[in-house]
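Student: I am new to this structure. Please show me how to read its features one at a time.

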Amino acid sequence: MRGLSQLVFVGPSIDWWALLPQMILLGAALLILLVSALAPQRTSGGFSTVTTLCAAVTAYFVALGLWSDVQTEGPSASIASALGVDGFSIFFTILILTGLVATALIAHSYLDREGIDPPEFYALLLCSAAGAIVMASANDLIVMFLGLEALSIGLYVMIAMHARRPEARESAMKYFVLGAFSSTFLLYGIALIYGSTGSTNLVHVRDYLGAVVFRDQHLLMAGMALLLVGFSFKVAAAPFHFWAPDVYQGAPSPVTGWMASIAKAAGFAAFLRVFFGAFGAHNADWSPVVAVLAFLTLVTGSVMAILQSDVKRMLAFSSISHAGYVLVAVQSTADGGTSAALFYLFTYTFMVLGSFAIIGAMGADGEHPLDRYAGLGRSRPVLAMAFTILLLAQAGVPLTSGFVGKFQVIAAAVGHRSYLLAAVAMLSAVIGAFMYLRIVMTMYVVDDGAEGPSPTLHWTVAIVLIGTVGFTLLVGIVPQFLIEFAEDAVPVLIRG
Amino acid sequence: MGAVAVIELLASQSASSFPVLNAIILVPVLGALVVVLLPNSRPEMMRPVGAVFASIAAAMSLYVMAQFSSHDAGFQFESIQSWIPALGINWHVGIDGISLWLVVLTGLITPIVLLAVDPHHEPKSYTAWLLLLQAGSFGAFLALDLFLFFVMFEIVLVPMYMLIGGWGYEDRRYAATKFFIYTMAGSALMLVAIVSVATLSAGEQGITFDVVELAQRQALSTNTARLCFLAFALAFVIKVPIFPMHTWLPDAHTQAPTAGSVVLAAVMLKLGTYGLLRFGLYLFPEASVWSAPTLATLGVIGVIYGAIVATMQKDLKRLVAYSSVAHMGFIVLGIFAFTTQSLEGGILQMVNHGLSTGALFLLVGMLYERRKTRAIEELSGIQSAAPIFAGFFTIVMLSSIGVPGLNGFVGEFLVLIGSYETRRWWTIIAATGVILAALYLLWAYQRVFHGEPTATDEATPDLTLREGLTLAPFIAGIIFLGIYPKPLLDRIEPAVDGLIAHIENHSDYERPSPAAPVIVDHNQLSGDDH
């Protein structure tokens, strides 16, 4: 017996409290699936939505508790340093939960209208959110990859759930193939990093790179390059952005919103954590490459956006150019750059979710032409004003959160002495503004007597709009609290 | 008696503690919110309610003018509140002799325009946008923090864009977008420059966006300062607009509704010249001196080019728009001549241009209301049908030409006299612009008001009392400033002198010493005779 007890496997200590947000989400997903299997007639949209919202709110309170723990006791890690609990991961947890609440509310009336089964959708949404949280908090490349797959697999199905529409299936197929493609890049990169540093744990990688001078770092460079390509696919940075417009256009609008906001934010979370945390010592190697990516992404996104005539495609390209701004902040390799990137992602999430809430309400066919919005300013002035504010915020007009975000990105770039990139970022904002103004003009400038559309706005969507527009203006006028929040959320890699 | 004492007490208290400049900015915003919350069933209430709020702001700007101490070169009524401490940004507002009259102008124009011009549809959003435009313009003229200035400088685009797009004429979509994109493109690089100036001047004292503080630090190297100046200048050159960046202006002016044109001409163009003074000359004295020949040249080109192109216009509103290009060129010449008189004249001319061009746009708008056309060739002989209208038009036109006795003369004369000392050839060429202004305006007047009236021209109704009353303040200002500009110049001069002294301290520029009076010694003369 004594000998045997020594052989008993002793697992790493697990901080269950820190895992609670993900577990609540997954538990809710299981609950929805279980109830829908046992009592299919009871599980209307209402039950799934309410369960999702309750789970998100509970997880939100847990995350707030964790945040205050981290602020008082410092960051920690759990499960053999595989999962980090720091300001960074909780920042993204809160962001993801906010996106979850908004998407659940938007999807509620959308699914009802389009006749899609709610329970499966919400279960997948919850799994995908849990995956995103894992991605943002992973201290290990393999765990990060698991989170990424959980996020993506949920998304593949959610995109295709509109089974009667061929565009949705095409879109899902495209996303699946290219997503799998990018995953192989990531995996190969992880393998090469493991080969050159002897571990997949980010803490170990960082310590190793800080201590060892390579005689020959080809393997490491190749690994970093492949990881960069993989992440660029996920955040839709040029020249790895080709999937985005088609997929965004074909997917159901709430899912597009989820992809443009949370999937992108989670991609950037992993990006920042790996490159700032683990590869910080080698930032002179990757920063110029990221600068080139940022340049390409900004220009491609804004120039292509003005050539579109489909609103969803317009916003897809605009979402690409917004990834460019975040990359401008990332390439500055400073803590100021990280907090600028976090601030930008947080505010952009609100803008894009609000925009796709409106797009979802305006109709869901595969085509989403600009003409559909003609005269909205006259027929539904409040809705048009909400959309205008969200669009102008994305254009970076002052007194909206978008401006403060751009301002910080520019400040980060100037701090890194990348004046040229800062100038390119601002000029592409002007090009992008042309596209947003086109939508605004379409809504407001109509010939006399023309009737505008009057979409039905479900109250859940109205809540999302009030929240996103209110937050956009609030942060635009008094941004101090969010700046501090982002500054406290710089990633810290710590051995558990 | 007691009431007077109470009022005096309040006045003395408020002068020291009440943040009147913040109130000036916020009252129109409040007004816009109130107008938005008014019931849609009462469309006739919108403009009067809006005008009340705009008038309160105007009254406060007059109060500031009354309380302004005229021999103080520094900023008065200053107010600093911490805004975004994480980035070193404060809500810092203040007023000096350079901004004082522009603030008063902004205050007075908006209520007049609100009451004078009927939007014909959607009066609620129209009123709200005009009020926000007023608030943003106030903010831009009062801001002493670069971040705050940039916010205000950009935010005024939105109401103007909406006004052009919502209430403009046939090509409004194109004009509004062009206006927005042009101006935004200009300010894009300015934002990079703002951040660069603040970051590079940070040093040990920490980052700040405070204009006064940055102007004192002067921490940038010569080349960096010049680059930053160019980025600032580009934004303002587009806003003024200075040739060759002016192409948005005729479109925007022509397509904008009358109220938009008036505010655009009277207030928003001044943001450009004001920005050159406050942020160009004040923050980058050396770079301003370095670039002065180029900018003065562009200004003079604008004077001549604007006048020539205005002569050839077939559209009355476009003609006035090009005359703006010419007038603003004068102001730019005055600014970059760096003498007390030229700068004084430039600032005075900003006010003058606001009055005369604003009134011209109002008159053209009234003519359009009557005739539904702006084409010069479709109008003739209006004088006989509408003599009072023609009379008002004559006064405003003569002011715009710069006839002595009216305000335009004083400003142009000061600019010419002041610039002659430092930029002789530029001044001589610009002076011909005065003659050209007479040419295009008188010719247009002749074609529209003289000649053989057709039947429709005969039927053109004359000014109503209401329209006359809206124009009266403009006419009063035009005549008053023409005869007695001293109150304005007294308040402008200390600030201008301080600015030139600042430039002299931080660059190798020296203003020409006043010519020594020639003392004729008669004895000596007679002695020589012998």
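Tutor: We begin with a term. A polar contact is a pair of N or O atoms within 3.5 Å, and within protein one of the two must be able to donate a hydrogen and the other to accept it. Please keep in mind that this is a predicted model.

Student: How many residue pairs are in polar contact between chain A and chain B?

Tutor: Between chain A and chain B there are four residue pairs in polar contact, counting pairs with both residues at pLDDT 80 or more. On the side of chain A that touches chain B, the elements that give two or more residues are helix H16 (381–395), helix H17 (401–415), helix H18 (419–444) and helix H20 (480–487) of chain A. H18(A) gives the most to that side, with 14 residues.

Student: Which classes of residue make up the side of chain A that touches chain B?

Tutor: That side of chain A has 29 nonpolar, five polar and three charged residues.

Student: How is the size of an interface given?

Tutor: It is often given as the accessible area lost when the parts come together. Here chain A and chain B bury about 3,200 Å² between them, and 81% of that area is on carbon and sulfur atoms. The contact takes 37 residues from chain A and 35 residues from chain B.

Student: How many salt bridges are there between chain A and chain B?

Tutor: The count between the two chains is one salt bridge. Glu122(B) forms a salt bridge with Arg378(A), and the closest N and O atoms are 3.6 Å apart.

Student: What is the count of salt bridges over all chains?

Tutor: The structure holds 21 salt bridges over all chains. One of the pairs is Glu170(B) with Arg374(B), where the closest N and O atoms are 3.6 Å apart. This pair links distant parts of the chain, 204 residues apart. Glu170(B) is in the loop between helix H7 (157–167) and helix H8 (172–200) of chain B, while Arg374(B) is in the loop between helix H15 (340–371) and helix H16 (382–385) of chain B.

Student: Is Glu170(B) buried or exposed?

Tutor: Exposed means over 50% relative accessible area, and buried means under 20%. Glu170(B) has 56% relative accessibility, so it counts as exposed. Arg374(B) has a relative accessible area of 9%, so Arg374(B) is buried.

Student: Which residue forms a salt bridge with Glu286(B)?

Tutor: The partner of Glu286(B) is Arg226(B), with the closest N and O atoms 2.8 Å apart. Glu286(B) lies in helix H13 (residues 285–311) of chain B and Arg226(B) in helix H10 of chain B, so the pair ties together parts that are 60 residues apart in sequence. Glu286(B) counts as partly exposed, at 25% relative accessibility.

Student: Where do Asp490(B) and Lys486(B) lie?

Tutor: Both are in helix H22 (residues 486–506) of chain B, four residues apart, which is about one turn of the helix. Asp490(B) is partly exposed, with a relative accessible area of 27%, and Lys486(B) is partly exposed, with 45%.

Student: Which residues are linked in a network of salt bridges?

Tutor: Glu170(A), Lys174(A), Asp246(A) and Arg313(A) are linked in such a network.

Student: How should I read a pair of aromatic rings?

Tutor: Such a pair is described by the distance of the centres and the angle of the planes. The count comes to 61 aromatic pairs over all chains. For Phe91(A) and Phe346(A), the ring centres are 5.2 Å apart and the planes are at 55°, so the pair is tilted. Phe91(A) is in helix H4 (residues 87–114) of chain A and Phe346(A) is in helix H14 (residues 335–361) of chain A, 255 residues apart. Phe91(A) is buried at 0% relative accessibility, and Phe346(A) is buried with a relative accessible area of 5%.

Student: What kind of aromatic pair do Phe236(B) and Phe279(B) form?

Tutor: Their pair is stacked, with 6.4 Å centre to centre and 25° between the planes. Phe236(B) lies in helix H10 (residues 222–239) of chain B and Phe279(B) in helix H12 (residues 258–283) of chain B.

Note on methods:
Residues are numbered from 1 along each chain as its sequence is written. Chains are lettered from A and ligands numbered from 1 in the order in which they are written. This is a predicted model: local features need pLDDT of at least 70, side-chain atom pairs count only at pLDDT 80 or more; totals for chains, interfaces and linings use all residues. Side-chain values use heavy atoms; hydrogens and water are left out. Contact means heavy atoms within 4.5 Å. Buried area is the accessible area (1.4 Å probe) that two parts lose on being put together, summed over both. A salt bridge is a side-chain nitrogen of Lys or Arg within 4 Å of a carboxyl oxygen of Asp or Glu. A polar contact is a pair of N or O atoms within 3.5 Å; within protein, one must be able to donate a hydrogen and the other to accept it, and residues adjacent in sequence count only if both atoms are side-chain atoms. Ala, Val, Leu, Ile, Met, Phe, Trp, Tyr, Cys and Pro count as nonpolar, Asp, Glu, Lys and Arg as charged, and the others, Gly among them, as polar. Rings of Phe, Tyr and Trp (its six-membered ring) pair if their centres lie within 6.5 Å; planes under 30 degrees apart count as stacked, over 60 as edge-to-face and the rest as tilted. Buried means under 20% relative accessible area, exposed over 50%, partly exposed in between (1.4 Å probe, protein chains only).
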